[in-house]
Amino acid sequence: MKKDNGLSSEDKKKRKKKIVVRVIVIVVAFILVSNIIATKIIYDSIFTRYDGTPAFDLTEYSALIETREEIDIAEGKETLKGYFYDVDEEQGLIVVAPGLHAGADDYLPMTEYFVEAGWDVLSFDPLGCCESTGKSTIGFSQEIADLDAVLDYAEVAYPDEKIVLFGHSRGGFAVCSMLEGEHAIEAVVSVSGINSAMEAIIGLSERYVGKAANLNYFNLWAYQVILFDKATMDIQADDLISTSNVPVLVIQGAEDHTAPTDEFSVYSHKDEITSQSVNYTLCTEEGSNGHTDLMFDEDGANDLLMAEIIDFYTEAVAE
């Protein structure tokens, strides 16, 4: 005969209910913790360290490489590798901000064009890339801090230079982020730039899991707030362009499938940008209308696009 431990049927029901509630709480907590852990693992796997090399033959730019000055730029406990290209009678200084998982050498075709057009150039390997230190690239927002450190260096090392910015993809977001701050910037060119870190990470995630990616929005946002801070995560390129008087040129490929014309690119927000100092160029020619190929191909830089950029810079620094 089983003992009932002196419990009434009502007490037994309450006890069962408590057990069920506890089990549900444990299961939900396990799911949440597992989701947070999975978010971190997947996120970190996207922003791994990059030690790759350009898709083109570096020997084609050996003369340019041999003349540059290599610079170590401190960023906290880390060190960014910078590269300075000096011309005799410079028009100003172009600072080049690379895209995600790219280094300074990936932009040698554009750098060569800028130098030949009479501009000093300062390019750099972002944190966690190529010759810079760092175990990972950390996130889309990391290049804001990278570029900030590079500009701090440039303003001391080259105090008489008029500084303009050139950024691609993640770098296109970073250069727009400098529109609000202490740096004296004469002009900004954002090529295939993303509009914000959260828009980009969610937009890219949707390609793998569809709209379900939005269910993990909070975890992705919270993890990046831990990595950076809330103020950094609130940065949106369209907002900064709208509130700035600095001339901005937004360049976009019509067939850019990485940062498309209609989602999470700076260009996709053009109807919301209110600045009178912004211009847009949409590249439509086949073979020169993607995320990267709009800038250069196997023959070198896109001469027409580079000429437009140089004209834009020249007009900006002359004002």
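Q: What makes helix H5 a helix that lies across strands, and which strands are they?
A: This is a predicted model. In it, helix H5 (residues 170-177) lies across S3, S5 and strand S6 (187-191). Contact here means heavy atoms within 4.5 Å. The helix runs at about 150° to S5.

Q: Which other helix lies across S3, S5 and S6?
A: Helix H10 (residues 303-318) does, and it also lies across strand S7 (248-253) and S8. Its direction is at about 160° to S6.

Q: Why is S3 called largely enclosed?
A: Buried means under 20% relative accessible area. In S3, 5 of the 5 residues are buried, so the strand is largely enclosed by the rest of the structure. Leu93, Val95 and Ala97 point one way, while Ile94 and Val96 point the other way.

Q: How do you know that S3 and S5 pair?
A: Two strands pair if there are at least two bridges between them. S3 (residues 93-97) and S5 (residues 163-168) share 5 bridges, in the parallel sense. Ile94 stands opposite Val164, and Val96 has Phe166 as its bridge partner.

Q: What makes S3 and S4 a pair?
A: The cut-off is at least two bridges. S3 and strand S4 (residues 120-125) have 4 bridges, in the parallel sense. Here Ile94 stands opposite Val121. The chain goes from S3 through helix H3 (residues 108-116) to S4, in a right-handed β-α-β crossover.

Q: What makes S1 and S8 edge strands?
A: The open sheet has 8 strands in the order S1-S2-S4-S3-S5-S6-S7-S8, with mixed pairing. Strand S1 (69-75) and strand S8 (278-283) each pair on one side only. On average, neighbouring strands are turned by 20° against each other, direction ignored.

Q: Why is a group of residues called a nonpolar core, and how many residues has the largest one?
A: A nonpolar core is a set of buried residues of nonpolar kinds such as Val and Leu, joined through side-chain atoms within 4.5 Å. The largest such set has 53 residues. Val95, Leu122, Leu147, Leu165 and Ile241 have the most contacts inside it. Helix H4 (residues 142-157) gives the largest share, 6 residues.

Q: Which residues does Leu165 touch?
A: Among them are Val95, Leu147, Leu151, Val175 and Tyr313. Residues up to four places away in sequence are not counted.

Q: What makes the second core separate, and which residues does it include?
A: A core holds residues joined through side-chain atoms within 4.5 Å. The second core is separate and has 37 residues, including Ala102, Leu294, Ala301 and Val317.

How values were computed:
Residues are numbered from 1 along each chain as its sequence is written. This is a predicted model: local features need pLDDT of at least 70, side-chain atom pairs count only at pLDDT 80 or more; totals for chains, interfaces and linings use all residues. Side-chain values use heavy atoms; hydrogens and water are left out. Helices (H or I, at least four residues) and strands (E, at least two) are DSSP runs, numbered from the N terminus. Axes are lines fitted to C-alpha atoms, for helices over the stretch in contact, and angles run from 0 to 180 degrees between N-to-C directions. Buried means under 20% relative accessible area, exposed over 50%, partly exposed in between (1.4 Å probe, protein chains only). A crossover is right-handed if, with the strands pointing away from the viewer, the path from the first strand over the helix to the second runs clockwise.
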